[in-house]
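My entries follow the display.

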Amino acid sequence: MHVRDAAARRRYGNRPWIALTAAVLFAGLFLQITMLSRVSSVSKRASALERETARLNREAVNLELRINEFHNLDRIAVRAQEMGMVQPDESQIRAVRVEVTDADTSTQAAGASGEEKLPNEDFPGGEG
């Protein structure tokens with residue numbers, strides 16, 4: 001009977017180790033699949049962000065070109081003439097020199113001090 005018990009112990013004694021090994025292998029497989037799905041989702045997100053960045057860069061270049069188009073002085077002059085604006089002559093231009101001291105570091109908006117702004121009669125439209 002002793003021989004039979006030893007054989008049974010050898011045969012059934014390894015089953016817990018086999019079950020533990022199988023459980024570890026399945027857990028490892030599950031973790032690997034989980035990590036691959038996370039990497040895949042992060043990769044998709046990175047790809048989407050790269051596409052969005054490329055689109056925004058193209059849009060920024062387009063807007064920059066439009067801004068440069070609006071800063072074209074010749075185009076502005078033609079458009080101003082189409083709207084009826086004329087170049088002022090020498091009698092309508094006033095050069096003003098304002099002395100600035102170190103003590104005067106603040107600025108004020110026109111009319112902010114409560115003073116009434118008087119229209120300038122030298123310029124068409126009354127303001128200058």
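I looked up Arg55 and noted it as partly exposed, with a relative accessible area of 39%; the label covers values between buried (under 20%) and exposed (over 50%), with a 1.4 Å probe and protein chains only. The model is predicted, so I recorded that local features need pLDDT of at least 70 and side-chain atom pairs count only at pLDDT 80 or more, while totals for chains, interfaces and linings use all residues. Residues are numbered from 1 along each chain as its sequence is written, and side-chain values use heavy atoms, with hydrogens and water left out.

Which residue forms a salt bridge with Arg55? I found Glu59, with the closest N and O atoms 3.3 Å apart; the term requires a side-chain nitrogen of Lys or Arg within 4 Å of a carboxyl oxygen of Asp or Glu. Glu59 and Arg55 are separated by about one helical turn because they are 4 residues apart in helix H2; helices are DSSP runs (H or I, at least four residues), numbered from the N terminus. Glu59 has 38% relative accessibility and is therefore partly exposed.

By this rule I count 2 salt bridges. Glu82 pairs with Arg79 in a salt bridge, the closest N and O atoms lying 3.5 Å apart. They are 3 residues apart in helix H3 (residues 73-82), so about one helical turn separates them. I noted Glu82 as exposed at 56% relative accessibility, whereas Arg79 is partly exposed at 45%.

Lastly, I looked up Val24, which lies in helix H2 (residues 15-70). Its relative accessibility is 53%, so Val24 counts as exposed.

Key: Helix = DSSP H or I, 4+ residues; strand = E, 2+ residues; numbered from the N terminus.
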